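Biologist: I'm new to this one and would like a walk through it. Could you put it up and start with whatever terms I'll need?

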Amino acid sequence: MRLRSKRLPGRVSAAVTALVAVLALGAVTPAEAAPPAPRPPAADRWADRWTDQPHGFASLAGGTTGGRGGKVVTVRTQADLARYAGAAEPYVIRVSGAIDVEPFGSSITVASDKTIVGVGTTGEIVHGELQLKPGTHNVIIRNLTIRDSYVEGDWDGKTNDFDGIQMDSVHHVWIDHNRFTHLGDGLLDIRKDSQYVTVSHNRFDNHNKAFGIGWTDNVTTQITIDHNWFSGTKQRNPSADNCAYAHLYNNYLSGQVADGDPVWSYGNWARGRTRMVIENSYYEGVQHPHQADATAELVERGSILKGTTGRHDEWGAAFDPRAFYAYRLDPAAAVPALVTRFSGPQKNIGTDTVLDVPAAYPTVQGAVDAVPAGNDGRVTIRIAPGTYREKVRVPADRPRITFQGTGRNRADTVIVYDTPNEYGGSSGSATVLIAASDVTARNLTFVNDFDEAAVELKGEQALAMKTTGDRIVFENTAFKGNQDTLMTDSPRLDAISRVYVRDSYIEGDVDFIYGRATTVIERSLIRALSRGSATNNGYVTAASTWKENPYGFLITRSRVVSDAPAGSFHLGRPWHPGGNPDAVGQVLFRETELPAAIKSSPWTDMGGYSWRDARFSEYRTYGPGAAVTADRPQMSDTDAARHEVADYLVGRDGWAPHRH
């Protein structure tokens with residue numbers, strides 16, 4: 001088969017130590033309960049504090065997914081928050097910074113199918129409330145601080161109904177990792193037959209009436225309340241009125257307001273006909289830590305009570321939470337350290353938005369399209385195992401995306417298409433084109449399966465991947481094609497983009513690793529495919545590095561393999577796009593194994609340009625294809641010390657993905 005030249009038109013403390021020690025003892029499980037599931041690894045036990053998947057009752061009856069499937073937006077103003085929160089379509093709404101609500105104490109309506117999440121610890125709703133009206137469903141509110149709608153002198157909240165979050169007759173709601181403080185009436189009010197609700201890892205403080213549930217004679221509400229911290233609150237911690245099932249576990253009640261009130265200062269109250277189960281919670285200095293009406297049922301087990309007074313009610317059978325869902329109990333002794341550390345807004349929540357393909361977005365491109373222009377937070381697109389026959393385009397204004405295959409290995413998740421260069425040049429042929437910066441791909445396979453033997457075209461180059469952005473990382477990925485499989489480029493010749501490829505696989509025949517980006521390929525397998533020739537089967541590289549850039553391609557600590565005949569493959573040739581003399585390729589094969597297929601004179605000319613004028617070299621290559629001859633420039637130890645991985649990647653911003 002004849003070889004074709006290039007035809008391209010434009011070519012990711014002590015207290016804690018004590019806590020870890022406590023957690024290592026294992027979960028405390030009531031004797032009458034079923035044996036616990038096998039204990040997950042320690043890393044998973046910490047990671048589940050940050051999971052974006054709801055648990056408890058909010059996970060039942062279809063689950064709570066919030067704005068999954070909708071676009072991601074970042075809001076910084078009341079107008080934008082109100083616009084997206086009240087919209088009919090789903091949204092993932094990131095709240096960045098404090099939003100001061102006007103008029104004072106007014107409401108922002110949250111419609112169905114919404115996720116509202118604070119960005120790190122910055123997201124705040126000040127002087128206002130979020131309101132879920134009857135019929136609203138499928139809402140996630142996470143990682144916000146909602147504060148300061150208190151009206152001086154209105155301690156009982158009788159004058160102004162300024163709650164933090166208020167919901168009436170809703171279903172499937174998850175309230176997680178928020179802080180509610182110093183508000184006008186209730187910090188959190190879940191009312192009027194609301195169902196399938198989970199309230200987890202929140203902080204309730206500096207308030208009278210913290211958290212009420214009910215305001216109905218119907219016994220319908222199902223609610224899970226876990227890992228919350230009630231501190232400096234007086235009552236409703238929570239109170240649960242006529243709940244069908246109220247499951248409270250691993251909550252911490254401390255620092256209760258001490259105003260001498262013998263009745264209305266209390267911890268957990270099962271009111272009306274509520275069935276309540278309390279497990280492994282911690283009560284410190286609380287009056288009436290857990291109490292129940294005569295018509296209610298309350299089961300308590302495994303909790304620790306320190307300096308408590310008043311009622312400690314327990315009667316009835318209530319219900320078995322494990323009959324509804326699985327959950328993991330932390331030891332009651334660990335609760336103070338655990339909850340004070342992990343409740344309330346966390347700096348690592350809301351900074352990484354997760355989009356699932358195909359569960360929420362049927363195509364990979366659909367998930368990319370959901371990322372906002374000018375995206376300022378990391379978006380992880382999790383791609384389930386399968387073959388996705390589509391082209392994917394990541395525009396320059398969609399930075400900070402991570403593509404994560406979720407299969408057991410990279411071959412489980414494949415993005416493939418079959419366009420040749422004849423139809424749109426390198427950008428048009430690429431199965432995946434990444435023009436944005438700060439993009440990472442892991443555990444994926446990218447393929448262009450154009451069959452060059454089946455047709456006769458002038459431009460049979462067919463890219464699996466093209467990048468032009470800066471700070472691109474490929475980890476445990478595979479690139480499969482024939483001619484021009486992987487192109488790492490930059491927006492223009494004198495713009496330097498950097499790409500890091502690690503623990504990956506690249507296959508092809510002609511110029512299948514090429515372009516002008518500074519590119520490191522480390523600890524990877526490169527397969528040079530045979531085209532059936534006895535003398536010339538192709539070229540591993542075709543660099544077009546800008547002459548002022550000392551760093552082009554570094555292939556290091558890797559292995560090149562081939563089934564081509566001995567002495568029939570080149571390491572590379574210099575590519576000068578459009579005949580530009582300033583594109584002077586730089587390639588270094590360093591500490592890499594070479595097969596017998598590599599020619600004894602492995603570099604060759606291209607388009608009238610001599611390889612000897614390029615910057616091609618080897619350093620400590622080995623294997624049957626390695627040799628030291630006059631046609632194989634060897635880099636000196638002195639120069640090699642300036643051509644390490646860090647030298648190629650560091651740039652002016654200190655980029656060092658190889659250290660992670």
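Modeller: Two strands are said to pair if DSSP finds at least two bridges between them, and helices (H or I, at least four residues) and strands (E, at least two) are DSSP runs, numbered from the N terminus. This is a predicted model, in which local features need pLDDT of at least 70 and side-chain atom pairs count only at pLDDT 80 or more, while totals for chains, interfaces and linings use all residues. Residues are numbered from 1 along each chain as its sequence is written, and side-chain values use heavy atoms, with hydrogens and water left out.

Biologist: Okay, which strand is joined to β50 by four bridges?

Modeller: That is strand β47, residues 553-556, which runs parallel to β50, and within this pairing L554 has L588 of β50 as its bridge partner. β50 also pairs with strand β51 (residues 615-619), again in the parallel sense, over five bridges, and there Q586 stands opposite R615.

Biologist: What about the open sheet, in what order do its seven strands come?

Modeller: The order is β31-β34-β37-β40-β43-β46-β49, with parallel pairing. Its edge strands are β31 (392-394) and β49 (569-574), each of which pairs on one side only. β31 pairs over three bridges with β34, residues 432-434, and V394 has I434 as its bridge partner there.

Biologist: Switching topic, how much space lies in the largest pocket?

Modeller: About 560 Å³, a volume being the space filled by probe spheres set on grid points that are joined across faces, edges and corners. On a 1 Å grid over the protein atoms alone, a cavity is a set of points where a 1.4 Å probe fits but cannot get out, whereas a pocket is an open set with protein on both sides within 12 Å along at least five of seven lines, and lining residues have an atom within 4 Å of a point.

Biologist: What lines the largest pocket?

Modeller: There are 27 lining residues, of which D52, R142, D352, T353 and V354 lie nearest the centre. β5 (114-118), β8 (137-142), β28 (352-357) and β29 (378-383) are the elements that give two or more residues to this lining, and β28 gives the most, with five.

Biologist: Now L493, where is that, and what does L493 touch?

Modeller: L493 sits in the loop between β40 (486-488) and β41 (498-502) and counts as buried at 18% relative accessibility. Not counting residues up to four places away in sequence, L493 touches R516, S544, T545, W546, N580, D582 and A583, where contact means heavy atoms within 4.5 Å. From L493 to D352 there are 141 residues in sequence and 33 Å in space, C-alpha to C-alpha.

Biologist: Last one, is S281 buried or exposed?

Modeller: S281 is buried, at a relative accessible area of 1%, although its place is in the loop between β23 (275-279) and β24 (282-284). Beyond its neighbours within four places in sequence, S281 is in contact with Y249, N250, N251, S303, I304 and A332.

Definitions and conventions. Buried means under 20% relative accessible area, exposed over 50%, partly exposed in between (1.4 Å probe, protein chains only).
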